[in-house]
Amino acid sequence: MVVCSRLSNGGFEVSHDRVYLPALRTAVSKVLLDVEESKHFKSRRISIGKNVELFDGLGRVNKAEFIGFEKNRAEVFVGETVKAKTPPIDLTAAVAFPKGARADWMVEKLTELGVSSIITLKTERSEGQMSHSKLERWRRLTVAACKQCRRDFLPTMHAEETSIPELAERIHSKEWSVSIVAAFGGSPLNQVEHRNSKRPVIIVGPEGGLTTSEEEQLLRSGCQPVSLGQNRLRVETASIGLAAALLIAFEGSGSQAS
C-alpha cells in the first residue's frame, strides 16, 4: 500500500509502502514475510533496495529494506524503530452490524477514523449473526485500512457478540468514561457531556432500531441518548457519523493523550 501526503508547495511526497508483520521483533535483522504480504511486493513491482515500513498493529513500527525473494516470500532487512502514533482517544463502537458489503465498508471507515475497538451487538432486531469467516474478513479489512491511513494500532475486533443486557452491565460498571447511544429524541452531541473523555463508547442499534426495552436498559445504566438529526440513517452511516463527530469534538476541545 503506497500513501501520498500533500506538501506545502502543492505537490505530493510518496511515503513508504507499509507491510503488516504481526510477529515483528526488533532483535532480528532479517525477516521473511508471509505469502500474502509478499504478493504485494510483486504486484507493486517493488525493487530490491526499496525502503518499506513494517508495523505489527500493536504500536511497533520499523523501517526496513527489501532485499529479495526466497521462493515466494519477500525478505526484508529490519532497520531502526519509528515512534508510533498513539491514538489521542480510546473510542469503542458497539454496533448492530448491517449485512454484507455495508458491514465491510463500515469496518473499513471506522478503522480509518481511529476507532480503537469494535463490538458486534446482538439485539432483538439484529439482521445477521457473527461467524468466523466474517470476523477474519473484517480483520483483514482493518489491516488494509491501517496501511492506507498509516495507522499504527489495529482496532480490536471482538469475536463474541454482546447482548444489550451485557453491554448495559459494562456501562454500569464504568468500563467506559462516557457512553452515548444514537436515538431519536436524544440531545444534540454538543449538549452531551463528553469533552475530555478519553475512553468513550458509542452505541448504534440495528436497522429497525433498538426496542423500547433495550433503550431503557441502556439509559438506566447511565448511557446518554444523542440525536443524529431528523433523518433516519442506515447503521453504517450513523456509526461513522457519530464516531467522526465525537473524534472531531475531542480534538476541538484541545485534549491530548497523556
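Predicted model: local features only at pLDDT ≥ 70, side-chain atom pairs only at ≥ 80, totals over all residues.
Reader: Okay, how many aromatic pairs does the structure hold?

Author: There are four aromatic pairs, where rings of Phe, Tyr and Trp (its six-membered ring) pair if their centres lie within 6.5 Å, and planes under 30 degrees apart count as stacked, over 60 as edge-to-face and the rest as tilted. One of them joins Phe 66 and Phe 69 in an edge-to-face arrangement, 5.3 Å centre to centre with 75° between the planes.

Reader: And is Phe 66 buried or exposed?

Author: Phe 66 is buried, at a relative accessible area of 1%, whereas Phe 69 is partly exposed at 38%; buried means under 20% relative accessible area, exposed over 50%, and partly exposed in between, with a 1.4 Å probe and protein chains only.

Reader: What about Phe 97 and Trp 138, how are they arranged?

Author: Phe 97 and Trp 138 form a tilted pair, 4.6 Å centre to centre and 50° between the planes. Phe 97 lies in the loop between β8 (92–95) and α2 (100–113) and Trp 138 in helix α3 (residues 132–149), so the pair ties together parts 41 residues apart in sequence; helices (H or I, at least four residues) and strands (E, at least two) are DSSP runs, numbered from the N terminus. Phe 97 is buried at 8% relative accessibility, and Trp 138 is buried at 4%.

Reader: Switching topic, which residues have the most contacts inside the largest nonpolar core?

Author: They are Phe 97 and Leu 110, in a core of 30 residues; such a core is a set of buried Ala, Val, Leu, Ile, Met, Phe, Trp, Tyr and Cys residues joined through side-chain atoms within 4.5 Å.

Reader: Which element gives the most to this core?

Author: That is α6, with eight residues.

Reader: And what does Leu 110 touch?

Author: Not counting residues up to four places away in sequence, Leu 110 touches residues including Ala 93, Ile 240 and Ala 243, where contact means heavy atoms within 4.5 Å.

Terms used. Residues numbered from 1 in each chain as written. Heavy atoms only, no water.
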